[in-house]
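Hi,

Here is the structure I said I would pass on. Have a look at it first, and my notes follow below.

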Amino acid sequence: MKRPEKQYEKYWYAGLTGFFVIVAAVIVYVIVSNLSGVGNVISKINSALMPVYIGVAVAYLLSPLVDKMDRHVFIPLWNKIFKNKEKKAERMARGCSVFVVLVMALLVLFGILMLVIPEIINSITSLAKSLPGYYTNVKNWGVHIFKSNPELADYFTRVSKGLFDKLLDWLQNDLLPNSDKFLAVITDGVVNATSVLLDLFIGIIISIYLMAGKESFCAQCKKMIFSILPVHKAEHMLSILSETHGVFAKFISGKIIDSLIVGILTFIIMNIAGIPYTVLISVLIGVTNIIPFFGQYIGIIPSAVLVFIASPSKGVLFLVLIIILMQFDGNVLGPKILGDSIGLKSFWILFSILFFGSLFGILGMICAVPVFAVIYRMVKRWCAGRLAKKQMPTETECYFGKAADHEKIDYNEKG
């Protein structure tokens, strides 16, 4: 294309810009008007890549265990067998570590399911059978509390009777018939779902390859980044990726360990205090604790209601004990395990969970905090760099007060 004369150059660039803006607008319009088609394409891509997602997730979660198994068990062992052959010893050690860790993970998962699911079904069955007696206990408790006001006592009796009738009908006609078939659904249903089994099987194979050659894959990714970007930008990107990995690895593994400890402590405390539905509530508290901020309330509220129905006095005792446990977890156990991997104030934690949860559901709520922690750090670092170039202070404390109090901020206006 012939370059225009200098006096018409600005009009030529303006026209070219307008042309690209129109093209971009047309593309956006086509995409928006065919959202269902785009959604179907994305859904098919996600379905095709599901084994890869599973493999990456499994490899990411189990890689720290593989590394520890390498360093402390198999590398010393194979170095003694293959003397002066470090490469061969490392390859043998990595294969053994991956196999042992994967088998252990599958056995632990299967064992937990087989132990917990029957106990949960028994708890639901026991609840349905004992519900009339529980209703009598709650009714007597309400009548005793409101004995000075017969009208309020009568209103409490009528409301509780209606709630218990609905709950009993739901348990006996909806939940119990399905819970009796729960194990069969898990076994027969999953076996019949060939695509699910195939995705899991391929995903596990992918995770084996990823864990076995993770150093090679990381080196290839670094090579590609350096080939595409300038050296300083590539190094900056790698530092961001390294920091992101550190935040995610520490937060996710720490949160899983923290939730496991909370579930075990809940089980022990409830057993000592003689509170019913120990296994059911311990599993519920432990699993929901993985979700930051909201998880505790999601697990505590239905658990407290369930215990209160069985015994109002035990329900109050459960609330007191679980609040003490959550205070211990929030102020001692959680910070000890997670350390400063988050670095966010409560408002930003709440904001990130609401935002990512609305977009991606439960998975978004679980990953919201580490994702936003990384974004927060990058924005904070970018702001600090911009302020440093202007020779302005980077500490937030320097900016408290009115905007007009600029004399409190020591900076060079020419900067």
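A quick definition before the rest: a contact here means heavy atoms within 4.5 Å. With that in hand, take the contacts in the protein chain between residues at least 6 apart in sequence: 64% of them join residues at least 24 apart. Please keep in mind that this is a predicted model.

Now the overall picture. The protein chain has 12 helices and 0 strands, and reading along the sequence gives the pattern α-α-α-α-α-α-α-α-α-α-α-α. It runs to 415 residues, of which 27% count as buried. Its accessible surface comes to about 27,600 Å², and 70% of that belongs to carbon and sulfur atoms.

On to the aromatics. How many aromatic pairs does the structure hold? There are 2. In one of them, the rings of Phe351 and Phe355 have their centres 6.0 Å apart and their planes at 5°, so this pair is stacked, given that planes under 30 degrees apart count as stacked. Both residues belong to helix 12 (residues 346-389), and because they are 4 residues apart there, about one helical turn separates them. Phe351 is partly exposed, at 36% relative accessible area, and Phe355 also falls in the partly exposed class, at 41%.

Phe351 also pairs with Phe372, and that pair is edge-to-face: the centres are 5.7 Å apart, with 65° between the planes. The angle is what settles the label, because over 60 degrees counts as edge-to-face. Is Phe372 buried or exposed? Phe372 counts as buried, since its relative accessibility is 11% and the cut-off for buried is under 20%. Put together, Phe351, Phe355 and Phe372 make up one aromatic cluster.

The structure holds 1 cavity of 30 Å³ or more, and about 40 Å³ of space lies in the largest cavity. Which residues line the largest cavity? They are Ile269, Met270, Ile275, Phe318, Leu321, Ile322 and Leu325. By class that lining is 7 nonpolar residues, with no polar and no charged ones. Helix 8 (231-273) and helix 11 (312-338) each supply at least two residues of the lining, and helix 11 gives the largest share, 4 residues.

Helix 8 comes up again with Ile240, which sits in that helix. Ile240 is buried, with a relative accessible area of 16%.

As background, most residues other than glycine have a negative phi. Tyr277 is not a glycine, yet has a positive phi of about 60°. You will find Tyr277 in the loop between helix 8 and helix 9 (278-288), where Tyr277 is buried, with a relative accessible area of 8%. Gln391 is another non-glycine residue with a positive phi of about 60°. Gln391 lies in the segment after helix 12 and counts as partly exposed, at 47% relative accessibility.

That is what I have for now.

Cheers

Terms used:
Residues numbered from 1 in each chain as written. Predicted model: local features only at pLDDT ≥ 70, side-chain atom pairs only at ≥ 80, totals over all residues. Heavy atoms only, no water. Phe/Tyr/Trp six-rings, centres within 6.5 Å; stacked < 30°, edge-to-face > 60°. Buried < 20%, exposed > 50% of the residue type's maximum accessible area, 1.4 Å probe, protein only. Areas by Shrake-Rupley, 256 points an atom, 1.4 Å probe, with all protein chains shown as cover. 1 Å grid on protein atoms, 1.4 Å probe; cavity = no way out; pocket = protein on both sides within 12 Å on 5 of 7 lines; lining within 4 Å. Points joined across faces, edges and corners; volume = space filled by probe spheres on them. Nonpolar A, V, L, I, M, F, W, Y, C, P; charged D, E, K, R; others polar.
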